[in-house]
Amino acid sequence: MRKLTIDQLFKAGKRNLALILLPAILLFALVFGQSVLKGPSFEATSILMVEAVDEGEISYNKIILNEKLANIYGQFLESKDLYDKVADKLRSSLDGEDIKSSFAYQMNPQAGVFTLSYQDEDYNRAYDALSLISEEFRAYVREFLKVDNLSYLQEVKVDESSKLKAYIFSILAFFVGLIIGLILTILKEILSDKIRSAKDIEDLGFRVFDYKDEGLIKVKVAINNLTDNSIIGITSMAKEDTFAFSQDLALLMAKSLGVFLVDPRGGSKIDGKYESSKEDIKILRYRGIDLIKPKASEEDFLDSYQFEDKIFDLKTSYNYILIDEGYIGDCLASIGLKYEDYKIILANKDLKKNDLIKKARQIEDLGSKVLGVVYYQ
């Protein structure tokens, strides 16, 4: 599994900003719309208290008794039948489950106090529902415990619900969405097959160069130190021109090394009368580089026995021969393999790891070696 550095995560965040923000915005809009924008909500509340069965001073035993009674009474508020009865008496579209989901209570066992609340968009329904719940609760106590000691400390009242919690939950939803977006971005980067940096190419086991002045020097040093009297193909994983790179590299190498450039795609601007045919292969001097440029009409020039004889003859006269091949999927890159000792691959940030590995294996299976990858950022 791919490991990500802090710098890579930061860059991934910039690339996938929309992916990070989208879940946050959607969650915020969902919670905000369902709570704040839904319209006024009403909350009915009442407070009931378990009265002591016998009169007298408050003692520890009475407190314990109240606590036990309160715990028993609390079980009645969990009864499904209670809410089904309320739904029948309320005569609305709500069933018992709907009523229970809108109802909440808090219990203070030591004091034997129950705080009941019910939320609804309808003022009158909120009042009626909680009134029925409170009375059914008291009726359960009378029916099952044979006592009538559950009294109102506060009768049912209805107020408009505060929006504060809705705003808080909306903000929390936004941050939860951000976290989800970050997790999705990290997973996307880990699972992505795209090459995002030179480090990704190095992790695949390739030598990596930048296409800059210092990068060209490193390519030259690598060629000089790692190869000897070699033919080197220059190809690209993308459908882009490779001649500029081939020419710049040849000019740099020509300052201290014997280098020859083969220009089968016609990147050099040379008059047609100086172009080579299979029967007449001309050695030209172009901007300080010795090169061969075949006629555009002779597409099979590289695949001819005349060229094969010529290039191996040139190999004895020059330290290095560079062949500008263009796109790796074109036939030139395949034909060049029968002459080449090494290939240099040009790659950009849109390259996929598996594609690079697959092409490198195909090159090496046919007897050539990948000297390195030039990475365009």
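A nonpolar core is a set of buried Ala, Val, Leu, Ile, Met, Phe, Trp, Tyr and Cys residues whose side-chain atoms join them within 4.5 Å. With that in mind, let us look around this structure, which is a predicted model.

The largest nonpolar core has 29 residues, and the members that touch the most others are Ile99, Phe114, Tyr118 and Phe137. Several elements each supply at least two residues of this core: strand 1 (42–50), helix 3 (60–76), helix 4 (80–90), strand 3 (113–120), helix 6 (123–145) and strand 4 (150–160). Helix 6 gives the most, with seven residues.

What does Phe137 touch, not counting residues up to four places away in sequence? Its partners are Leu48, Tyr73, Phe76, Leu77, Leu82, Phe114 and Leu150. Apart from this core lies another, of 28 residues, and Phe243, Phe245, Met253 and Tyr286 are among them. In soluble globular proteins, nonpolar side chains tend to be buried together.

**A buried serine**

Ser268 sits in the loop between strand 7 (259–262) and strand 8 (284–286). Is Ser268 buried or exposed? Ser268 counts as buried because its relative accessibility is 1%, and the cut-off for buried is under 20%. The side chain of Ser268 makes a polar contact of 2.6 Å with the side chain of Asp263. Leaving out residues up to four places away in sequence, Ser268 touches Phe243, Asp263, Tyr286, Leu291 and Lys293.

**A nonpolar patch on the surface**

Val176, Ile179, Ile180, Ile183, Leu184, Leu187 and Leu191 make a nonpolar surface patch of about 630 Å². One of them, Leu191, belongs to helix 7 (residues 164–191). Leu191 counts as exposed because its relative accessibility is 68%, and exposed means over 50%.

**Two arginines with positive phi**

Which residues have a positive phi although they are not glycine? Arg91 is one example, and Arg287 is another. Arg91 lies in the loop between helix 4 and helix 5 (96–102), while Arg287 lies in the loop between strand 8 and strand 9 (289–292). Arg91 is exposed, and Arg287 counts as exposed too. Here are their values:

| Residue | Phi | Relative accessibility |
|---|---|---|
| Arg91 | about 55° | 77% |
| Arg287 | about 50° | 53% |

Conventions. Residues are numbered from 1 along each chain as its sequence is written. This is a predicted model: local features need pLDDT of at least 70, side-chain atom pairs count only at pLDDT 80 or more; totals for chains, interfaces and linings use all residues. Side-chain values use heavy atoms; hydrogens and water are left out. Patches are made of residues with over 30% relative accessible area and no salt bridge: like charges are joined within 9 Å, nonpolar side chains (Val, Leu, Ile, Met, Phe, Trp, Tyr) within 5 Å. Accessible areas come from the Shrake-Rupley method with a 1.4 Å probe; for residues, only the protein chains shown count as cover. A salt bridge is a side-chain nitrogen of Lys or Arg within 4 Å of a carboxyl oxygen of Asp or Glu. Helices (H or I, at least four residues) and strands (E, at least two) are DSSP runs, numbered from the N terminus. Buried means under 20% relative accessible area, exposed over 50%, partly exposed in between (1.4 Å probe, protein chains only). Contact means heavy atoms within 4.5 Å. A polar contact is a pair of N or O atoms within 3.5 Å; within protein, one must be able to donate a hydrogen and the other to accept it, and residues adjacent in sequence count only if both atoms are side-chain atoms.
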